[in-house]
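These are my notebook entries on a structure that I have not examined before. I set down what I looked up, one topic at a time.

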Amino acid sequence: MSPTIADTLFINGRITTLDRAQPEAQAIAVKDGEILAVGSDADVLRHAGPATTRIDLQGRRVVPGLNDSHTHLIRAGLNYNMELRWDGVPSLSDALTMLREQAQRTPAPQWVRVVGGFAEFQFPEKRLPTLDEINDAAPDTPVFILHLYDRALLNAAALRVVGYTRDTPNPPGGEIQRDANGNPTGLLIARPNATILYATLAKGPRLNPDDQLNSTRLYMRELNRLGLTSVIDAGGGFQNYPDDYQAIQHLADAGELTVRIAYNLFTQKPKAEKDDFVNWARLLKPGDGDGYLRHNGAGEMLVFSAADFEDFREPRPDLVATMEQELLEVTRVLATNRWPFRIHATYDESITRMLDVFERVHAEIPLTGLNWFIDHAETISERNIDRIKALGGGIAIQHRMAFQGEYFVERYGAQAAEQTPPVQKMLAAGVPVGMGTDATRVASYNPWVGLHWLVTGETVGGTRLYPQRNLLDRHTALRLYTEGSAWFSTESGRKGLIKAGQYADFIALSDDYFGIPEARIKDLSAVLTVVGGKVVHGDEDFKPLAPPLPTPSPDWSPVGRYSRLSVPGSVQASQAAAACCATPCGVHGHRHLFAALSRPPVGDLGSFWGGLGCGCAF
């Protein structure tokens, strides 16, 4: 019998399949968007035909496409082109330079928005910008800077636009900081509820529908650049269904998605959450859609009374007494309709109370087989891990501690931080575990920062949180970001491995994940990203294989200027970071990213700046 002819052969690679039956290979054959065969070059070349395309992997390390089990792609896509990202920017000085330059380019009535993805500890200055620095950088253009779940910084122009005055009352759970005369300073503080931060951000202008489509395309391509081929979208505040899903549905209908998306629906109405899910259950059932866009159930917000935001600058919030009854009613609706669900839970005290509710529902309507799960679980106890296991649940973890571990240590101590979250105990208990980012409003969307955190236990500021016994080896960490995450969208067996019969989703890396020093894991990216057998991203020698990037719109978008420099995977950002900490510079001080972005009239930037006495290596 003749072998089946492949559409495309990917040969001459060093392929880590994560398939325990065949852990290593050289080549992959793809047909109709699925993996047809995996093996040696000789094995796979048997599937070549006259029309088969051959792609030489050039000896690159190839791994399954990464799958972020908790992110907010749909919301982020609508806003990406408006946002100035400080993800991985090497110094506060560079960040302020970017802010000043973008303020000059941004037309009224638009804002400059820095919305998460960074922490003050990543900067050598180890601080946030002051309000004076922000006002100096942008005296006339509104500026909104969101830092984790704890605060937002607004310049004077933004305060005028949002209308906060001495007469504006503090909202519940939030504070508008005021000066001695009672006037708002521009600092908004979550105490500890982040609603004030997100409600203020929502006052800003939105992109028009065409620009939202462009923004979403570019954001997916940025994720492809970093090796992501799948995500599970956790919904979000101010993300209404179906209104705010029109852009992603349009792209899905047109066959333009370059990332597979399983999406959860996040309730939008405090005290009316049950009504949301009753109505949605009439419109959708889990699994509706296809392999690129499919409904995945409820959450991460099931009831607002259960939200315990992880603002480690503030004491742990106690959930209100009405939480159990409200959660019970919603969970019954979900279990009855066989909807999988996810729920945000940072603290073990909150998880205990939630599991009390889930056990009550389980006694009436078994949760077994629903693939329900807890999100975050930084301080979960062994007892509650076992309770989740008994109910057939899972735990989705993220690298939020990489961005705010220092705050946790300051409040609770280094010993308490050693297992936040206790991933090794989760795995030992046999609980499904998937890895993600919770991007983009808290942590960065860069998966390699998360893998670096799992392997080293270090924050983005270099603080070592975990002892060696609580770290993961590189294979285990990668498995959580691939096969592990597939369970959370009920797609085990379809994605996560390089194996015949699974989706043809895989990536070739910029360097060997298994061979480079641990410190360099965070700098990795993909030079080739394949989704459904199609090349969706190419860099270096693979660049001609990929479709061209759309031109960012509107034309003032920060994406066109900063997108490949403002993430930790960028070579120039990495070099700038190293120069910032290690190389004296008489020209730029700590403004090394400014040097990288400058456009002197020469071909050799390093020689140009070096001739001026600069040690930036540009």
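**Entry 1: helix 7.** I began with helix 7 and counted 14 of its 17 residues as buried, so this helix is largely enclosed by the rest of the structure. I note at the outset that the model is a predicted one. I then checked the length of helix 7: from the first C-alpha to the last it reaches 24 Å, close to the 24 Å expected at 1.5 Å a residue.

I next examined the two ends of helix 7. At its start, I found a side-chain oxygen of asparagine 208 within 3.1 Å of the backbone nitrogen of aspartate 210. Just after the helix, I recorded a positive phi of about 95° for glycine 227.

Arginine 225 belongs to helix 7, which covers residues 209–225. Is arginine 225 buried or exposed? I read a relative accessible area of 4% for arginine 225; this is under the 20% limit, so the residue counts as buried. I also looked for a partner of its side chain and found a polar contact with the side chain of glutamate 222, at 3.1 Å.

**Entry 2: helix 9 and helix 10.** I turned to a pair of packed helices. Such a pair is described by the angle between the two axes and the distance between them. For helix 9 (residues 273–283) and helix 10 (residues 323–336), I noted an angle of about 10° and axes 9 Å apart.

Which residues meet where helix 9 packs on helix 10? From helix 9 I listed Glu273, Lys274, Phe277 and Val278, and from helix 10 Glu329, Val330, Val333 and Leu334. Sorted by class, this contact has 5 nonpolar and 3 charged residues, and no polar ones.

**Entry 3: tyrosine 513.** I located tyrosine 513 in the loop between strand 21 (506–509) and strand 22 (526–531). Its relative accessible area is 0%, which means that tyrosine 513 is buried. I then asked which residues tyrosine 513 touches, not counting those up to four places away in sequence. I found Arg61, Trp448, Leu451, Val455, Arg474, Ala477, Leu478, Ile521 and Leu524. I also compared positions along the chain: tyrosine 513 and serine 525 are 12 residues apart, and their C-alpha atoms are separated by 9.9 Å.

**Entry 4: cis peptide bonds.** I recorded a cis peptide bond between tyrosine 241 and proline 242, with omega about 5°. Proline 242 sits in the loop between strand 14 (228–233) and helix 8 (246–253). I recorded another cis bond between threonine 420 and proline 421, where omega is about 5°. I placed proline 421 in the loop between helix 13 (401–412) and helix 14 (423–428).

Entry 5: Lysine 126 is in the loop between strand 9 (112–115) and helix 4 (131–137).

I traced glutamate 540 to the loop between strand 23 (534–538) and helix 18 (559–562). At 46% relative accessibility, glutamate 540 counts as partly exposed.

Key: Residues are numbered from 1 along each chain as its sequence is written. This is a predicted model: local features need pLDDT of at least 70, side-chain atom pairs count only at pLDDT 80 or more; totals for chains, interfaces and linings use all residues. Side-chain values use heavy atoms; hydrogens and water are left out. Helices (H or I, at least four residues) and strands (E, at least two) are DSSP runs, numbered from the N terminus. Buried means under 20% relative accessible area, exposed over 50%, partly exposed in between (1.4 Å probe, protein chains only). A polar contact is a pair of N or O atoms within 3.5 Å; within protein, one must be able to donate a hydrogen and the other to accept it, and residues adjacent in sequence count only if both atoms are side-chain atoms. Axes are lines fitted to C-alpha atoms, for helices over the stretch in contact, and angles run from 0 to 180 degrees between N-to-C directions. Contact means heavy atoms within 4.5 Å. Ala, Val, Leu, Ile, Met, Phe, Trp, Tyr, Cys and Pro count as nonpolar, Asp, Glu, Lys and Arg as charged, and the others, Gly among them, as polar. The expected span of a helix is 1.5 Å times one less than its number of residues.
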